[in-house]
Amino acid sequence: MNVIVHKVIFAFSIILLASQAAWAERIKDLASIQGVRTNQLIGYGLVVGLDGTGDKDTDSPYTINSLKNMLSQLGVQIPSGTNMKPKNVAAVIVHGDLPPFSKVGQKIDVTVSSLGNAKSLRGGTLLMTPLKGADGKNYALAQGNLVVGGLSAEGSDGSKLTVNIPSAGRIPNGATVEREVPNNFNQAPLLTLNLNDGDFTTAMRVAESINLTIGPGTAKAVDATSIRVNAPKDPGQKVTFISMLEELEVNPGKTSAKVIINSRTGTVVINSQVRVYPAAVSHGNLVVSISEETAVSQPGPFARAGQTAVVPQSQVTVTEEGMDHMFLFNPGASLDDVVRAVNQVGAAPSDLVAILEALKEAGALRAELLVI
(Lines give C-alpha, C1' and ligand atoms only; values in the text may rest on other atoms or scores of the structure.)
Protein backbone atom coordinates (compact mmCIF):
# COMPACT_ATOMS: atom_id res chain seq x y z
CA MET A 1 0.00 0.00 0.00
CA ASN A 2 1.41 3.39 -1.00
CA VAL A 3 0.72 6.53 0.99
CA ILE A 4 1.83 9.67 -0.84
CA VAL A 5 1.86 12.99 0.94
CA HIS A 6 2.03 15.57 -1.85
CA LYS A 7 2.63 19.15 -0.68
CA VAL A 8 0.15 20.00 2.08
CA ILE A 9 -3.23 18.27 1.68
CA PHE A 10 -5.76 20.95 2.53
CA ALA A 11 -9.08 21.83 0.94
CA PHE A 12 -7.91 25.38 0.30
CA SER A 13 -10.24 28.02 -1.05
CA ILE A 14 -8.83 31.39 -2.10
CA ILE A 15 -10.87 34.53 -1.65
CA LEU A 16 -9.29 37.28 -3.74
CA LEU A 17 -10.33 40.84 -2.96
CA ALA A 18 -8.51 42.52 -5.81
CA SER A 19 -10.82 45.27 -6.96
CA GLN A 20 -8.95 48.57 -7.29
CA ALA A 21 -12.01 50.72 -8.00
CA ALA A 22 -13.26 53.01 -5.27
CA TRP A 23 -16.75 52.44 -3.94
CA ALA A 24 -19.06 54.64 -1.93
CA GLU A 25 -20.80 53.67 1.28
CA ARG A 26 -23.52 55.39 3.28
CA ILE A 27 -22.61 57.07 6.53
CA LYS A 28 -25.26 54.86 8.13
CA ASP A 29 -23.10 51.83 7.28
CA LEU A 30 -19.82 53.45 8.32
CA ALA A 31 -20.66 55.06 11.66
CA SER A 32 -23.04 55.11 14.60
CA ILE A 33 -24.32 58.00 16.71
CA GLN A 34 -22.71 58.29 20.12
CA GLY A 35 -25.23 57.55 22.87
CA VAL A 36 -27.61 55.68 20.56
CA ARG A 37 -26.87 52.13 21.66
CA THR A 38 -28.42 48.89 22.86
CA ASN A 39 -28.42 47.85 26.52
CA GLN A 40 -27.99 44.31 27.78
CA LEU A 41 -30.59 42.82 30.13
CA ILE A 42 -30.37 39.67 32.26
CA GLY A 43 -32.60 37.78 34.66
CA TYR A 44 -33.08 34.51 36.54
CA GLY A 45 -36.22 32.44 36.11
CA LEU A 46 -37.87 29.03 35.96
CA VAL A 47 -38.99 26.97 32.99
CA VAL A 48 -41.84 24.53 33.66
CA GLY A 49 -43.72 21.96 31.61
CA LEU A 50 -40.71 19.86 30.62
CA ASP A 51 -41.10 16.19 29.79
CA GLY A 52 -38.94 14.83 32.61
CA THR A 53 -35.83 16.61 31.33
CA GLY A 54 -35.58 19.22 34.09
CA ASP A 55 -32.98 19.73 36.82
CA LYS A 56 -32.12 17.01 39.30
CA ASP A 57 -32.66 18.16 42.89
CA THR A 58 -29.44 16.51 44.10
CA ASP A 59 -27.29 18.64 41.80
CA SER A 60 -29.42 21.81 41.54
CA PRO A 61 -30.78 22.68 45.01
CA TYR A 62 -31.37 26.31 43.96
CA THR A 63 -34.09 25.09 41.59
CA ILE A 64 -36.08 23.64 44.50
CA ASN A 65 -35.56 26.78 46.60
CA SER A 66 -36.72 28.98 43.73
CA LEU A 67 -39.80 26.82 43.19
CA LYS A 68 -40.71 26.98 46.90
CA ASN A 69 -40.28 30.78 46.97
CA MET A 70 -42.44 31.21 43.88
CA LEU A 71 -45.22 29.00 45.28
CA SER A 72 -45.06 30.90 48.58
CA GLN A 73 -45.57 34.22 46.77
CA LEU A 74 -48.58 32.69 45.00
CA GLY A 75 -50.10 31.69 48.35
CA VAL A 76 -49.14 28.02 48.35
CA GLN A 77 -47.43 26.94 51.57
CA ILE A 78 -45.11 23.95 51.35
CA PRO A 79 -44.84 22.01 54.65
CA SER A 80 -41.34 21.94 56.03
CA GLY A 81 -39.45 18.76 55.35
CA THR A 82 -41.31 18.09 52.11
CA ASN A 83 -39.00 16.42 49.61
CA MET A 84 -39.89 17.94 46.27
CA LYS A 85 -38.52 16.13 43.21
CA PRO A 86 -40.03 17.82 40.18
CA LYS A 87 -38.48 16.62 36.93
CA ASN A 88 -40.27 19.13 34.75
CA VAL A 89 -38.72 22.32 36.18
CA ALA A 90 -35.39 23.92 35.21
CA ALA A 91 -33.57 27.01 36.48
CA VAL A 92 -32.56 29.29 33.60
CA ILE A 93 -30.77 32.52 32.80
CA VAL A 94 -32.71 34.87 30.52
CA HIS A 95 -30.96 37.62 28.57
CA GLY A 96 -31.76 40.02 25.76
CA ASP A 97 -30.85 43.36 24.19
CA LEU A 98 -32.91 46.49 24.75
CA PRO A 99 -32.77 48.58 21.53
CA PRO A 100 -32.26 52.36 21.74
CA PHE A 101 -35.40 54.49 22.18
CA SER A 102 -37.47 51.46 23.25
CA LYS A 103 -40.82 52.52 24.70
CA VAL A 104 -42.93 50.97 27.44
CA GLY A 105 -45.09 48.18 26.05
CA GLN A 106 -42.84 47.26 23.11
CA LYS A 107 -41.68 43.67 22.65
CA ILE A 108 -38.11 42.32 22.44
CA ASP A 109 -36.65 38.85 21.83
CA VAL A 110 -34.99 36.94 24.66
CA THR A 111 -32.70 33.93 24.89
CA VAL A 112 -33.17 31.30 27.62
CA SER A 113 -30.28 29.06 28.73
CA SER A 114 -30.27 26.26 31.29
CA LEU A 115 -28.40 27.04 34.50
CA GLY A 116 -28.44 23.56 36.03
CA ASN A 117 -28.27 20.04 34.64
CA ALA A 118 -31.50 20.01 32.65
CA LYS A 119 -31.16 17.77 29.59
CA SER A 120 -33.56 19.70 27.39
CA LEU A 121 -35.82 22.77 27.49
CA ARG A 122 -37.96 21.58 24.58
CA GLY A 123 -41.67 22.08 25.26
CA GLY A 124 -41.04 24.29 28.30
CA THR A 125 -42.65 27.57 29.31
CA LEU A 126 -40.78 30.42 30.93
CA LEU A 127 -42.57 31.92 33.92
CA MET A 128 -42.61 35.69 34.47
CA THR A 129 -39.00 36.79 34.83
CA PRO A 130 -37.82 40.37 35.54
CA LEU A 131 -34.91 41.48 33.34
CA LYS A 132 -32.44 43.85 34.95
CA GLY A 133 -29.95 46.29 33.46
CA ALA A 134 -26.42 47.08 34.58
CA ASP A 135 -27.86 49.53 37.14
CA GLY A 136 -29.90 46.78 38.82
CA LYS A 137 -33.28 48.18 37.76
CA ASN A 138 -35.99 46.15 36.05
CA TYR A 139 -36.46 47.18 32.42
CA ALA A 140 -38.54 44.32 31.03
CA LEU A 141 -40.60 41.25 31.95
CA ALA A 142 -40.15 37.98 30.06
CA GLN A 143 -42.60 35.10 29.77
CA GLY A 144 -43.72 32.64 27.11
CA ASN A 145 -43.19 29.34 25.34
CA LEU A 146 -39.67 28.42 24.27
CA VAL A 147 -38.57 27.68 20.73
CA VAL A 148 -35.75 25.12 20.99
CA GLY A 149 -33.77 24.16 17.89
CA GLY A 150 -31.90 21.28 19.57
CA LEU A 151 -33.02 17.69 20.05
CA SER A 152 -31.82 14.98 22.39
CA ALA A 153 -32.83 11.30 22.55
CA GLU A 154 -31.51 8.50 24.77
CA GLY A 155 -32.09 4.74 24.68
CA SER A 156 -32.37 2.31 27.54
CA ASP A 157 -29.05 0.72 26.58
CA GLY A 158 -27.21 4.02 27.13
CA SER A 159 -27.05 5.13 23.50
CA LYS A 160 -27.64 8.83 23.04
CA LEU A 161 -28.19 11.19 20.13
CA THR A 162 -27.99 14.99 20.39
CA VAL A 163 -28.66 17.47 17.59
CA ASN A 164 -27.59 21.09 18.20
CA ILE A 165 -28.06 22.36 21.78
CA PRO A 166 -31.38 21.39 23.43
CA SER A 167 -30.57 23.19 26.70
CA ALA A 168 -31.04 26.68 25.21
CA GLY A 169 -33.85 28.34 23.29
CA ARG A 170 -35.46 31.63 22.32
CA ILE A 171 -38.77 33.38 22.84
CA PRO A 172 -39.53 35.77 19.95
CA ASN A 173 -41.16 38.92 21.33
CA GLY A 174 -40.98 37.18 24.69
CA ALA A 175 -40.32 40.25 26.86
CA THR A 176 -42.30 43.44 27.37
CA VAL A 177 -40.47 46.70 28.01
CA GLU A 178 -41.49 48.18 31.37
CA ARG A 179 -39.01 51.07 31.68
CA GLU A 180 -37.33 53.42 29.21
CA VAL A 181 -33.61 54.08 29.23
CA PRO A 182 -32.98 57.81 29.73
CA ASN A 183 -30.79 59.63 27.20
CA ASN A 184 -29.93 63.21 26.31
CA PHE A 185 -30.40 62.79 22.58
CA ASN A 186 -32.91 65.66 22.27
CA GLN A 187 -30.98 68.01 24.57
CA ALA A 188 -27.47 67.63 23.14
CA PRO A 189 -26.51 70.54 20.81
CA LEU A 190 -23.87 68.41 19.07
CA LEU A 191 -23.92 64.98 17.49
CA THR A 192 -20.89 62.73 17.52
CA LEU A 193 -20.51 60.12 14.79
CA ASN A 194 -18.25 57.23 15.74
CA LEU A 195 -16.78 55.18 12.88
CA ASN A 196 -17.14 51.43 13.14
CA ASP A 197 -13.48 51.09 12.06
CA GLY A 198 -11.24 53.97 13.00
CA ASP A 199 -9.45 55.56 10.04
CA PHE A 200 -8.17 59.14 9.66
CA THR A 201 -8.87 59.26 5.94
CA THR A 202 -12.44 58.03 6.33
CA ALA A 203 -13.11 60.47 9.19
CA MET A 204 -11.85 63.39 7.09
CA ARG A 205 -13.97 62.34 4.10
CA VAL A 206 -17.11 61.99 6.23
CA ALA A 207 -16.63 65.52 7.58
CA GLU A 208 -15.98 66.86 4.06
CA SER A 209 -19.11 65.19 2.69
CA ILE A 210 -21.28 66.67 5.44
CA ASN A 211 -19.81 70.16 5.01
CA LEU A 212 -20.23 69.99 1.25
CA THR A 213 -23.90 68.98 1.55
CA ILE A 214 -25.11 70.91 4.61
CA GLY A 215 -22.68 73.81 4.74
CA PRO A 216 -19.11 74.74 5.75
CA GLY A 217 -18.33 74.28 9.45
CA THR A 218 -21.15 71.81 10.08
CA ALA A 219 -18.85 68.85 10.80
CA LYS A 220 -15.33 68.48 12.15
CA ALA A 221 -13.21 65.34 12.44
CA VAL A 222 -11.94 65.08 16.01
CA ASP A 223 -9.76 61.99 15.62
CA ALA A 224 -9.61 58.78 13.62
CA THR A 225 -12.95 57.61 15.02
CA SER A 226 -15.14 60.61 15.93
CA ILE A 227 -16.74 63.39 13.86
CA ARG A 228 -18.63 66.15 15.65
CA VAL A 229 -21.63 67.61 13.87
CA ASN A 230 -23.68 70.72 14.70
CA ALA A 231 -27.33 69.68 14.79
CA PRO A 232 -30.67 71.52 15.19
CA LYS A 233 -32.01 71.78 18.72
CA ASP A 234 -35.62 71.05 17.77
CA PRO A 235 -36.24 67.25 18.13
CA GLY A 236 -38.27 67.03 14.93
CA GLN A 237 -35.67 68.88 12.89
CA LYS A 238 -32.91 66.79 14.45
CA VAL A 239 -34.55 63.55 13.28
CA THR A 240 -34.83 64.94 9.73
CA PHE A 241 -31.23 66.17 9.89
CA ILE A 242 -29.88 62.76 10.97
CA SER A 243 -31.93 61.06 8.27
CA MET A 244 -30.16 63.23 5.68
CA LEU A 245 -26.74 62.50 7.16
CA GLU A 246 -27.26 58.73 7.14
CA GLU A 247 -27.92 58.68 3.39
CA LEU A 248 -24.81 60.66 2.42
CA GLU A 249 -22.28 58.53 0.54
CA VAL A 250 -18.57 58.56 1.33
CA ASN A 251 -15.58 56.81 -0.25
CA PRO A 252 -13.89 55.18 2.78
CA GLY A 253 -10.12 55.16 3.06
CA LYS A 254 -8.23 52.10 1.88
CA THR A 255 -7.36 49.62 4.58
CA SER A 256 -3.81 48.59 5.37
CA ALA A 257 -2.29 45.69 3.44
CA LYS A 258 -3.18 42.36 5.08
CA VAL A 259 -2.88 38.66 4.33
CA ILE A 260 -4.97 36.40 6.58
CA ILE A 261 -4.40 32.63 6.61
CA ASN A 262 -6.80 30.31 8.46
CA SER A 263 -4.83 27.11 9.01
CA ARG A 264 -7.89 25.21 10.24
CA THR A 265 -10.16 25.77 7.25
CA GLY A 266 -7.48 26.41 4.64
CA THR A 267 -8.86 29.85 3.74
CA VAL A 268 -6.54 32.59 2.46
CA VAL A 269 -7.77 36.20 2.29
CA ILE A 270 -5.63 38.84 0.56
CA ASN A 271 -6.76 42.43 0.16
CA SER A 272 -5.94 44.65 -2.81
CA GLN A 273 -3.30 46.75 -0.98
CA VAL A 274 -0.73 43.94 -0.84
CA ARG A 275 2.52 44.78 -2.67
CA VAL A 276 5.76 42.84 -3.10
CA TYR A 277 9.32 44.18 -3.23
CA PRO A 278 11.72 42.79 -5.89
CA ALA A 279 12.14 39.12 -5.05
CA ALA A 280 12.68 35.69 -6.59
CA VAL A 281 11.24 32.56 -4.97
CA SER A 282 11.93 28.93 -5.84
CA HIS A 283 9.35 26.56 -4.39
CA GLY A 284 9.64 22.78 -4.61
CA ASN A 285 7.51 19.90 -3.36
CA LEU A 286 8.43 16.99 -1.17
CA VAL A 287 6.93 13.61 -2.05
CA VAL A 288 7.03 10.99 0.70
CA SER A 289 6.30 7.42 -0.44
CA ILE A 290 5.70 4.61 2.04
CA SER A 291 5.56 1.04 0.68
CA GLU A 292 4.26 -1.71 2.97
CA GLU A 293 4.98 -5.38 2.15
CA THR A 294 4.93 -8.63 4.10
CA ALA A 295 7.40 -11.52 3.99
CA VAL A 296 7.37 -15.01 5.49
CA SER A 297 10.29 -16.01 7.70
CA GLN A 298 10.92 -19.76 8.08
CA PRO A 299 13.54 -21.66 10.13
CA GLY A 300 16.35 -23.39 8.23
CA PRO A 301 16.28 -27.07 7.23
CA PHE A 302 16.67 -29.56 10.07
CA ALA A 303 16.50 -26.70 12.58
CA ARG A 304 15.46 -27.88 16.03
CA ALA A 305 14.13 -24.48 17.14
CA GLY A 306 12.23 -21.66 15.49
CA GLN A 307 8.87 -21.24 13.84
CA THR A 308 7.36 -19.69 10.74
CA ALA A 309 6.42 -16.00 11.16
CA VAL A 310 5.04 -13.16 9.04
CA VAL A 311 7.43 -10.18 9.04
CA PRO A 312 6.29 -6.71 7.80
CA GLN A 313 8.72 -4.80 5.60
CA SER A 314 8.45 -1.02 5.07
CA GLN A 315 10.30 1.11 2.56
CA VAL A 316 10.24 4.90 2.87
CA THR A 317 11.59 7.20 0.13
CA VAL A 318 11.66 10.98 -0.01
CA THR A 319 12.03 12.83 -3.30
CA GLU A 320 11.86 16.50 -4.14
CA GLU A 321 10.35 17.64 -7.42
CA GLY A 322 9.11 20.83 -9.01
CA MET A 323 12.30 22.78 -8.40
CA ASP A 324 12.18 24.16 -11.93
CA HIS A 325 9.46 26.67 -10.93
CA MET A 326 10.94 30.09 -10.19
CA PHE A 327 8.72 33.03 -9.22
CA LEU A 328 10.12 36.46 -10.09
CA PHE A 329 8.32 39.54 -8.75
CA ASN A 330 9.22 42.99 -10.05
CA PRO A 331 9.21 46.12 -7.83
CA GLY A 332 5.73 46.98 -6.60
CA ALA A 333 4.16 43.73 -7.77
CA SER A 334 0.47 43.67 -6.84
CA LEU A 335 -1.83 40.93 -5.70
CA ASP A 336 -2.83 40.24 -9.30
CA ASP A 337 0.82 39.63 -10.23
CA VAL A 338 1.35 37.18 -7.36
CA VAL A 339 -1.79 35.17 -8.07
CA ARG A 340 -1.17 35.16 -11.83
CA ALA A 341 2.39 33.84 -11.37
CA VAL A 342 1.19 31.02 -9.12
CA ASN A 343 -1.65 30.06 -11.47
CA GLN A 344 0.53 30.05 -14.59
CA VAL A 345 2.70 27.23 -13.26
CA GLY A 346 -0.32 25.26 -12.05
CA ALA A 347 0.61 25.56 -8.38
CA ALA A 348 -1.87 24.76 -5.64
CA PRO A 349 -3.20 27.27 -3.09
CA SER A 350 -0.90 25.71 -0.50
CA ASP A 351 2.02 26.85 -2.66
CA LEU A 352 0.70 30.40 -2.49
CA VAL A 353 0.69 30.23 1.31
CA ALA A 354 4.29 28.98 1.37
CA ILE A 355 5.39 31.71 -1.06
CA LEU A 356 3.73 34.47 0.97
CA GLU A 357 5.31 33.22 4.19
CA ALA A 358 8.73 33.10 2.50
CA LEU A 359 8.31 36.64 1.15
CA LYS A 360 7.34 37.86 4.61
CA GLU A 361 10.39 36.22 6.20
CA ALA A 362 12.62 37.80 3.54
CA GLY A 363 11.14 41.24 4.14
CA ALA A 364 9.78 41.48 0.60
CA LEU A 365 6.06 41.42 1.46
CA ARG A 366 4.50 44.81 2.16
CA ALA A 367 1.61 43.49 4.19
CA GLU A 368 0.65 42.25 7.63
CA LEU A 369 0.58 38.46 7.65
CA LEU A 370 -1.94 37.01 10.15
CA VAL A 371 -2.24 33.28 10.80
CA ILE A 372 -5.38 32.34 12.74
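Is E180 buried, partly exposed or exposed, judged by its relative accessibility?

Modeller: The model is a predicted one, and E180 counts as partly exposed because its relative accessibility is 38%. The side chain of E180 forms a salt bridge with K103, and the closest N and O atoms are 4.0 Å apart. E180 lies in the loop between β12 and β13 (190-195), while K103 lies in the loop between β6 and β7, so the pair ties together parts that are 77 residues apart in sequence. K103 is likewise partly exposed, since its relative accessible area is 40%. In general terms, side chains of opposite charge can pair when their charged atoms come close.

The strands β7 and β12 deserve attention next. Strand β7 covers residues 107-114 and strand β12 covers residues 168-177; the two pair in the antiparallel sense over six bridges. K107 has T176 in β12 as its bridge partner. A salt bridge also joins the side chains of R170 and D109, at 3.5 Å from N to O. This pair links R170 in strand β12 with D109 in strand β7, 61 residues apart. R170 is partly exposed because its relative accessibility is 41%, and D109 is partly exposed because its relative accessible area is 34%.

Both strands belong to a closed barrel of six strands, which runs β5-β6-β7-β12-β9-β8 with antiparallel pairing. Within this sheet, neighbouring strands are turned by 30 degrees against each other on average, direction ignored.

Technical notes: Residues numbered from 1 in each chain as written. Predicted model: local features only at pLDDT ≥ 70, side-chain atom pairs only at ≥ 80, totals over all residues. Heavy atoms only, no water. Pairing = 2+ DSSP bridges. Helix = DSSP H or I, 4+ residues; strand = E, 2+ residues; numbered from the N terminus. Axes fitted to C-alpha atoms, helices over the stretch in contact; angles between N-to-C directions. Buried < 20%, exposed > 50% of the residue type's maximum accessible area, 1.4 Å probe, protein only.
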